[in-house]
Amino acid sequence: RWLDKARRAGDDLLDGQLEGGHFAASAFELNPATGGTPGEAACDVGLLLLARALRALGDPAWETYAVAAERNLRAFYLNKLWDPEVRAFRDSPGVPSFVPNKAATACEALFLLADLRQNAAWVDLYALPTLDRIMQYQVRDGGQLGGAIAQNSIGHTRIEKYFPFYIARCVPALLRGCEWTGQEQYAGAALAALRFIARCVKDDGSLPAVVYPGGRANRYPSWVAGLGDVLYAADLARPYGFDTDLG
């Protein structure tokens, strides 16, 4: 029953894929525009997870979903967003920019595609260099902000704001990097990020929307749905030693 639902969602994405590889209405608050990050990468992740499930069942339709995701990754992420000078994905084709959590979603898709295609180039050439840049945005001084990942940069200006929900979205790709390479630095970065998030949790279970240098935090609006990403990341990290109770 759940696979049928996932397949209907995948078919909806296929029906909405445009000639250039973009997905319709993929640009968040700018909709009905296309080319949104991480919206399109998230579509690719969903399609590739569906393809993996169908292939495991011996259903030949898996290839259709994989092709659609690969088409988007090639046309948009590789051809328009990849910045060869910094070896990471820009957030906008025309602006030197980097948003760690959005780039991490693209990395998740690349790991899945590499697995399906049995082609390590997707990871070695694009995902791992991007993860290395994400780690460059992490606070490592061990203070109150230790483990936090800066929200973004535009040009050479780094925006020193820290969004716990978005930081959590970096964790799955970082853990995948550790799994792929065996290098503990990726898991270490993921664990440090989660420990920062855990320190931000309030007594009522909420998280601030943003934490600023110096520790000032903005708790309004109080986002609820984003806690799903935090709990998901925490579950993934438990085999790596994350043991904070987020009950």
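This is a predicted model: local features need pLDDT of at least 70, side-chain atom pairs count only at pLDDT 80 or more; totals for chains, interfaces and linings use all residues.

**Overall size**

I started with the radius of gyration, taken over C-alpha atoms, where the globule rule is 2.2 Å times the number of residues to the power 0.38. For 247 residues a compact globule would have a value near 18 Å, and the protein chain has 18 Å, so the two agree. The C-alpha atoms fill a box of roughly 50 × 40 × 35 Å, taken along the principal axes.

Residues are numbered from 1 along each chain as its sequence is written, and side-chain values use heavy atoms, with hydrogens and water left out.

**Secondary structure and cover**

I went through the helices (H or I, at least four residues) and strands (E, at least two), which are DSSP runs numbered from the N terminus. The protein chain comes to nine helices and seven strands.

Next I looked up burial: buried means under 20% relative accessible area, exposed over 50%, and partly exposed in between (1.4 Å probe, protein chains only). Buried residues make up 48% of the 247 in the chain. For the surface I used accessible areas from the Shrake-Rupley method with a 1.4 Å probe, where for residues only the protein chains shown count as cover. The chain exposes about 12,000 Å², and carbon and sulfur atoms supply 52% of that.

Then contacts, meaning heavy atoms within 4.5 Å. Among contacts between residues at least 6 apart in sequence, 60% join residues at least 24 apart.

**Helix 7**

How many residues of helix 7 are buried? I found eight of its eleven (residues 171-181), so I wrote "mostly covered". The buried ones are Val-171, Pro-172, Ala-173, Leu-174, Leu-175, Arg-176, Gly-177 and Cys-178. Their cover includes helix 4, helix 5 (121-136), helix 6, helix 8 (184-200) and helix 9. Just after helix 7, Gly-182 takes a positive phi of about 80 degrees.

**Tyr-126**

I picked Tyr-126 in helix 5. Leaving aside its neighbours within four places in sequence, Tyr-126 touches Leu-78, Trp-82, Phe-89, Leu-110 and Ala-121. I also checked Asp-83, which is 43 residues from Tyr-126 along the chain; their C-alpha atoms are separated by 9.9 Å.

**Cavities**

Rolling a probe the size of a water molecule over the atoms shows where empty space is left. My terms: on a 1 Å grid over the protein atoms alone, a cavity is a set of points where a 1.4 Å probe fits but cannot get out, and lining residues have an atom within 4 Å of a point. Grid points are joined across faces, edges and corners, and a volume is the space filled by probe spheres set on the points.

I searched the whole structure and got two cavities of 30 Å³ or more.

I sorted linings by class: Ala, Val, Leu, Ile, Met, Phe, Trp, Tyr, Cys and Pro count as nonpolar, Asp, Glu, Lys and Arg as charged, and the others, Gly among them, as polar. The largest cavity has six nonpolar, one polar and three charged lining residues.

The second largest cavity has a volume of about 50 Å³. Around it I listed Pro-100, Asn-101, Ile-149, Ala-150, Gln-151, Phe-163, Tyr-166, Ile-167 and Cys-170. Helix 4 and helix 6 (164-168) each supply at least two of its lining residues. By class, I got seven nonpolar, two polar and no charged residues here.

Most residues other than glycine have a negative phi, and most peptide bonds are trans. I went looking for exceptions.

- A cis peptide bond joins Asn-31 and Pro-32, with omega about 15 degrees.
- Another cis bond joins Tyr-220 and Pro-221, with omega about 0 degrees.
- Ala-25 has a positive phi near 50 degrees, and at 45% relative accessibility Ala-25 counts as partly exposed.

How values were computed
On a 1 Å grid over the protein atoms alone, a cavity is a set of points where a 1.4 Å probe fits but cannot get out, and a pocket is an open set with protein on both sides within 12 Å along at least five of seven lines; lining residues have an atom within 4 Å of a point.
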